[in-house]
Amino acid sequence: MEHITILDDKRIILGVTGSIAAYKAVDLASKLTQAGARVDVIMTGAAQRFVAPLTFQAVTGRPVYTSMWGTDTGGGLPTHIAHVGLGEGADLLVVAPVTANSLAKLAHGLADDLLSVTALAARCPVVVAPAMDGGMYEHPTTQANLAALRERGVTVIEPARGRFASGLVGRGRLPETPVLLGHIRRALGRGGSLENMKVVITAGGTREPIDPVRYITNRSSGKQGYALAQAALDAGACVTLISATQQLPVPVGAVLVPVESAEAMLDAVLTYSRDADALIMAAAVADFRPAEIAQHKIKKADQDDEAPTLALRRTPDILMAIKTQRAATGHPRAVIGFAAESHDLLENAQAKLRRKGLDLIVANDITAPDAGFNVDTNRVVLIDAGGAQHPLDLTSKARVGEAVIARVAALLGTEEEAR
Ligand code: PMT
């Protein structure tokens, strides 16, 4: 697993309580560690009945804290100071899974084990992920405890619906690791360089219908646009993701606006950009669409070799429409385009930057097999409105996303205010 910048070197306390879902917390601890975080696990007594402390120690490479009273710390903080020492330097306290019992303790300030004492002593943001039987989760007492925690700024991760170990079906399952990670990133992103900024991002290749069955599209997977959305969320932005692909998991916290054609994307971009701070057009928008959309499936004649001729028509240029909107309203305050080029990369990108009135263009060489469409890496040059060029070596789309988001923060003048 690649390092995740927002998790890199972060001190995370992972509280694990006594639910069958405790085994899933092992994967969470492992993924957080692989992503670069320092994970200190605190287990309640009940949690240790489901998973051994050694399992967490093995995946985090760090001592696991199990008691307020023991003297053997396995190289960790002495236990008489662990309850304050652990919380003091932490960037985040995550309790996953949290049982109804531990939730009640957190809500009411009970402090009778190392986890509940640490939660009282800690001053970092807190995330809890309830996991319990559906009836217990829906019980008014549990809901009141959750409301009290939310009121205090605690992030509550909504449990998933599904089948419990008991065989019953309902809401109360611990979500899978990627969802937990998404919420953790969101909590760490608060106060980032784009805090309270509205960022609209487009992704994927539009589909232009020929008939009810067929369409014209391109090779865009949406990966670069989704990576940008995640980078903007990590920076604390409110993200609207206008997506022509529905194949990728939506980053936690992004508002998804699904679209299909260039026309539909134009409508969505104009609507959501009205009060946006930034627009980033990473989508590969079709330049042409069929002039007519057949109402019924176009049939081939049985005895005939003839094929129909497809007449094409230009689609609207979304960035040109945004240029007009921006001149009239001032929004979006910053506009970033991409240029997917197979030749004369920099010249073509610069011409698009000027014609479309952009603040920044990401010149994307699509000739190499490890860059551009439908791969996890990219090779780009960022060109600003003054013509200055900033090439990025081959890197992940996540890193390209972070580099673009850093430029957006600079354009909006928010990079200095962060945290
Ligand atoms: O989705 P992936 O598989 O991860 O691939 C990523 C990518 C290659 C699609 C992405 O990095 C990229 O380069 N996106 C822009 C693709 C593109 O359409 O480039 P263009 O040079 O044709 O268009 C220039 C700019 O105008 C783009 O910002 C585009 O979104 C915008 N545009 C294009 C056509 C149109 N009708 N309206 C537009 O606003």
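Q: Two strands pair if DSSP finds at least two bridges between them; in this predicted model, which residue in β6 is the bridge partner of Val-128?

A: The bridge partner of Val-128 in β6 is Val-156. Strand β5, residues 126-130, pairs with β6 in the parallel sense, and 2 bridges join them.

Q: In which order do the 6 strands of that open sheet stand?

A: The order is β3-β2-β1-β4-β5-β6, with parallel pairing. The edge strands are β3 (64-65) and β6 (155-156), each of which pairs on one side only. Helix α1, residues 22-34, packs on this sheet and touches β1 (11-16), β2 (38-43) and β4 (92-98), while its direction makes about 170° with that of β1. Helix α5, residues 100-108, lies across β4 and β5 and runs at about 145° to β4.

Q: How is the pairing of the sheet with 8 strands to be described, and what is the strand order?

A: This sheet is open and its pairing is mixed, in the order β13-β12-β9-β14-β17-β18-β19-β20. Because β13 (255-258) and β20 (389-396) each have a single partner strand, they stand at the edges, and one side of each is left without a neighbour in the sheet. On average, and with direction ignored, neighbouring strands of this sheet are turned by 20° against each other.

Q: Is β19 mostly covered or mostly uncovered?

A: Strand β19 is mostly covered, since 6 of its 8 residues are buried.

Q: Which residues form the nonpolar patch on the surface, and why does Phe-50 count as partly exposed?

A: The patch is formed by Ile-20, Tyr-23 and Phe-50, which together have about 330 Å² of accessible area. Residues between the limits of under 20% for buried and over 50% for exposed are partly exposed, and Phe-50 therefore falls in that class, because its relative accessibility is 43%. Phe-50 has its place in helix α2, residues 47-50.

How values were computed: Residues are numbered from 1 along each chain as its sequence is written. This is a predicted model: local features need pLDDT of at least 70, side-chain atom pairs count only at pLDDT 80 or more; totals for chains, interfaces and linings use all residues. Side-chain values use heavy atoms; hydrogens and water are left out. Two strands pair if DSSP finds at least two bridges between them. Helices (H or I, at least four residues) and strands (E, at least two) are DSSP runs, numbered from the N terminus. Contact means heavy atoms within 4.5 Å. Axes are lines fitted to C-alpha atoms, for helices over the stretch in contact, and angles run from 0 to 180 degrees between N-to-C directions. Patches are made of residues with over 30% relative accessible area and no salt bridge: like charges are joined within 9 Å, nonpolar side chains (Val, Leu, Ile, Met, Phe, Trp, Tyr) within 5 Å. Accessible areas come from the Shrake-Rupley method with a 1.4 Å probe; for residues, only the protein chains shown count as cover. A salt bridge is a side-chain nitrogen of Lys or Arg within 4 Å of a carboxyl oxygen of Asp or Glu. Buried means under 20% relative accessible area, exposed over 50%, partly exposed in between (1.4 Å probe, protein chains only).
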